[in-house]
Structure formats: C-alpha cells, structure tokens
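Subject: The two-chain model, and what turned up in it

Hi,

Here is the structure I promised to hand over. Have a look at it first, and then read on for my notes.

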Amino acid sequence: MVMKMFNILSILAKYVFVFIIYTFIFLIIRMIYLDINSLSKLENYNGAYLKLLNRLENLPYKLNDSYSIGQEISLGRSNNNDIVLKDPYISKRHFRIVKDENEYFIEDLNSSNGTYVNGERIFDVKKLAYGDIIKVGNIEFMFINLE
Amino acid sequence: MKKLNFEVTRNLLFIFELISLSLIFLFNWPNIDKNTIYISLGLIGLVYVSNILLFKLSKGDHYIFLIVCMLMSIGVIMIYRIDQALGLRQLKWLYIGIISFFITYVLFKSYNRWSNHFNLYLAASYILFFGTLIFGFSTHGSIRWISIGGISFQPSELIKIIFIFILACIYSDNSFMSKPKITKYKELVTMMLVYSFIAILFIQRNLGASVVFFAIYLGIQYIYAEDNKYAILNIFLFAVGGTIGYFLFDHVKIRFLTWLNPWEYIDTIGYQITQSLFAIAEGGFFGTGVGRGHPNFIPLAYNDFIFSAIVEEMGIFTGIAIVMLYMILVYRGFKIALKQKDVFYRIISIGISLLLGIQTFIIIGGVIKLIPLTGLTLPFVSYGGTSILTSFIALGILQGASEKEIYGGSKNE
C-alpha cells in the first residue's frame, strides 16, 4: 500500500522537480541579466568616480552603481544636481567635488546635516584620496581615482 | 525587485529540498532513524539561513552559493537514496562544508597578504604529496588517501587549491621567479614545477587529478604568459605523454579501450561505463522517478557515477539542468575575475572557475562516454568528505575574491 502510494508520488514528483529546477535556473539567469543591465557604462572608465557602497535594492529611490566625476560633480536634493537624492536628510545643494590640477577636492555647500569623509565631518574644502569614504545621510560613496 | 527575486529563488530551493526529502523518507519508510530526520531538517534550515545571511553580509556575488546549494541538494538526495549510511555521512559533511565556506570567506576577505607566501604554498604541497606517497593506502587502484586519527583524507584535493595559489603567485610576480636573474626562465621553471606535481600524481595513479592540474595550468598560462609558444609546447608534450602512457601503463590503456568500445569488455573493464550508459538511457526525459530506478547496478554510483544515477531517476532534463547550473557557476567565476583589479586575486578567481568547470566537464564527459573516463568527483554533488570540503573552501575563496575589489583593490593601481 505504501509502495503503491510512493510510486504515484514519485512519478508526480519527477515533473515537479524538473519544473522547480528550471524555474530556479530561469530566475537566477534573469537576476544576472538585470544586474548586467543596471551596471553603468563606467565598467571600463579610467578617470575618477564615486562608487556607491549601499545596496541598490535597499534604497527607496533610484541611484546608479557609480558616477564619473569629470571636472565637477554635485550632489543634493534638487533636480539640478548631478546626483539627485530625494531624501529629506539631504540639503538642496549638499556637496560638490571639483577637479583642480589633477587633484580632487570635496566641498560641503553649507548642508544642514553635514558631509562626512572617513567618518569626520568636513566644513570647507578637503582633498580626496583613493578609497576615501564619503557619507551623506545614510548613503556612502567610495572615491576611486584610476588616473 | 532583486530582493524579491532572491526571496522567490530561495523559497524555491527550500520547497525543492522539502519535497525531495519527504519523498526519500517515504521511500525508506519505516526504516528511518529519527536522528536522520533532525539532521536533514537542520541542514535545510542552515542552507536557508546561510543564504539570507550571505545576502546581508556580502557585497560581492550572491549567485554562486545559491547555485551550489541546489547542486548539493540534488546530490545528497541521490546519495541517500542509493545508500542510507553514506547519505547520512554526506549530510554531516555538508554541515562541515557550509561552515568551512563561511570561515574561508571571512579569512580570505580579512587577510590581505595571501600573495606573499609562495614558498609556504610550495612546501605545503610537496609535504602533502610525499606524505601521501609514504603513508598513503590505495583504493580502487590508486594511492591517494591518508588516514589521520581514523578519518581518511585525500590530500590531492586540497593541493588543487594550493596549486592555484602557487600559479597566482608566479603570474602576479610574487615569487622568487620575478628576481631579475631567474625571470628569463620563469616559464621553464614553472613548467618543471607543474610537471613534478603531475609526475607525483601519476605515480599515485591519480589520472583525473593530473588532468585537472594540467588543465588549470594550461588555462592560466594561456591567459597570463607573455609568450604563447610555451602553451603550445605544453599541449604537444601532453599529447606525447598521453601516447607514451597508453603504451607503457595498463591503467591508461584500459581507459582508452573502454572509451573506444566498452561493449567488447562488457563483463570486465567495460562494465561500469556500460551500466552508466544503460542507466542514462533508462531515464528518458523525466527519469523513472526517485526510488523507482536501479542506480545500484552501476558500481560507485554514489561517487564518480552520481550523474548517471541522477539522470536515471530524475531524467535527462535534470541532467541538462545540472550542466546549466555549473555553466552559470563558472560564468560567475569568470565575471568575478573580470571585475577584479588585482592580478593575484584575478588569477585565483580564474583558477577556481577553471577547477570547477574542468572537473565537471571531465567527469560528466567520462560517464556519458564523450571522453575517456578518469576518476574524479562531481564537485558539490558526489559523495566524498574531502571533495565536499575542498569544493566549499574553493567557493569561499571565490566569494571572498568577489569582494576584494571594493576593499583591497588599491594595491595595483
């Protein structure tokens, strides 16, 4: 009796197994595909850029994986910034990074809650070095310079 | 979006494990130890929690561990179905494997000077090799086991990982070979070193491992050596060595004969491979159903021939799925290598991807008679403590290397 029941269940289960395993593979491939899509074009970029250290999926708003700096980059809540963070904690114009003679400087634009570099609040201008961690609100960026 | 997808995938894995486990318990009813039920339920829980933990903990790759969990679930179900005692032991090994995955991952991530110990790696692998030759005992025609305190252990599995570290040191110029006097002969010295390894493996009659060592070496050499003429020379030497081996050594000759026409020797040396082919054919598209086939007819079905056993009972669709899972795994490995900026960690990632990929190709190719059969385990799926342990250690290193770019990548800029 148990054997008969087992036979029926086993035959049913083999179809279920194949279905589950293939769905599993499909989901993984889909996630990888989405991952590649959301990677910015910076993959082979050779200048300086900011790399987001937070998990994208944990953020309530849309952000890129990384931002190239170029000559200047600014961050803030209003739409005319290069990096827009729709976060009440962030000031309208929060900070900017400026390139000057191949050095990069970060400048806090009198934000109300401050900009932190490697855990220390900055008040005017500070030179950035490779690997510095810039924190505004809950968002953390790493400064990376490949020049 | 991604988070949601992860939850669905994780739950699918969970459901798969639950269904297959209840089925296998029903199959063995009523001869089931209570302990086995607890241990297997515990493992399912551990897999579930580890996936959540890794997703929170790791900023690197999130796919490889998930893929491996699926592979090992399929494997352990099959082993348990073939032999209950072995299945129980495999369950315990999987616990150890997952724990060592996390330990390796944390160690590899937090220590930053892995590239400075070339001499140590070299000494360790020679000690392990000669230890096997002196203290080793032989099973299934090859001397590859040593026993420490009652636990048998297969050093060549562990040396595979050390070997990748050695190659990574050499090609990222962290060994004595980057000294100006020797650097001219770097390729030749490396070749001698690798061939000494392969020679020892050959003496141990461990054909499968020697092919894996050679393939990893060839792959990394092809990518990183300045001159490709050595790679061509190596392929040539491999062909010559294979031909000489065919005429000199019986165990090489047997592999070739049973590959070309196993039907002629169906009662003797060709028995295993023909049984494997019968099993695969018996399975059809969806298999006979777990517990309804005869995987016991294949000798060593729980080990080297696990793939045939799986295909017989779960169908060629599952077989193809397993190959696909390995393909995604290796793809992720190469992806990690491509993203990595530091040459040392890059070679480590490539080496581990090659190790997993080639080992899978050789053993699956072997049991379906695509290439000559050599005894190897299917990583994460086959029965075997050392194999499970080293595969998980390798995976932990890969996971660690996927994060190194963020925190330790400044070295070579």
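One definition before anything else: a residue is called buried if 20 or more other C-beta atoms lie within 10 Å of its own, exposed if 12 or fewer, and partly exposed in between, with the C-beta atoms placed from the backbone. By that count, 24% of the 147 residues of chain A are buried.

Please keep in mind that this is a predicted model, in which local features need a pLDDT of at least 70, side-chain atom pairs count only at pLDDT 80 or more, and totals for chains, interfaces and linings use all residues. Residues are numbered from 1 along each chain as its sequence is written, while chains are lettered from A and ligands numbered from 1 in the order in which they are written.

How confident is the predictor?

The complex gets an ipTM of 0.86 and a pTM of 0.80 from the predictor. For single residues there is pLDDT, the predictor's confidence in each residue, from 0 to 100. Chain B has a mean pLDDT of 88, with 95% of its residues at 70 or more. A contact here means that the C-beta atoms of two residues, placed from the backbone, lie within 7 Å.

Chain A

Helices (H or I, at least four residues) and strands (E, at least two) are DSSP runs, numbered from the N terminus. Two strands pair if DSSP finds at least two bridges between them.

Strand β1 (residues 48-52) of chain A has antiparallel partners in β11 (residues 139-145), through five bridges, and in β2 (residues 66-68), through three. Tyr49(A) stands opposite Ile144(A) in β11(A), and Leu50(A) has Tyr67(A) in β2(A) as its bridge partner.

There is also an open sheet of five strands in chain A, in the order β4-β3-β5-β6-β9, with mixed pairing. Its edge strands, each pairing on one side only, are β4 (83-84) and β9 (125-127). Three bridges join β9(A) to β6 (residues 103-108) of chain A, and the two run antiparallel; Phe105(A) stands opposite Lys127(A) there.

Where the chains meet

Chain B puts 36 residues into the contact and chain A puts in 29. On the side of chain B that touches chain A, α1 (2-28), α3 (64-82) and α12 (306-339) each supply at least two residues. The largest share, 14 residues, comes from α1(B). By class, that side of chain B has 23 nonpolar, nine polar and four charged residues. In this scheme Ala, Val, Leu, Ile, Met, Phe, Trp, Tyr, Cys and Pro count as nonpolar, Asp, Glu, Lys and Arg as charged, and the others, Gly among them, as polar.

Inside chain B

In helix α10 (residues 250-260) of chain B, the residues Val252(B), Arg255(B) and Thr258(B) are buried. They sit on the same side of α10(B), because they cover an arc of only 135 degrees around the axis (the arc is that of the directions from the helix axis to the C-beta atoms). The buried residues of α10(B) pack against α9 (229-248) and α11 (271-283) of chain B. Asp250(B) and Leu260(B) are exposed, on the face turned away from the buried side of α10(B).

Ser210(B) belongs to helix α8 (residues 207-224) of chain B and is buried, with 22 C-beta neighbours inside 10 Å. Leaving out residues up to four places away in sequence, Ser210(B) touches Ile198(B), Leu201(B) and Phe202(B).

Most residues other than glycine have a negative phi. Asn118(A) has a positive one of about 50 degrees, and Phe380(B) one of about 70 degrees. Asn118(A) is in the loop between β7 (115-117) and β8 (120-122) of chain A, and Phe380(B) in the loop between α13 and α14 (385-407) of chain B. Buried or exposed? Asn118(A) is exposed, with 12 other C-beta atoms within 10 Å, whereas Phe380(B) is buried, with 27.

Cheers
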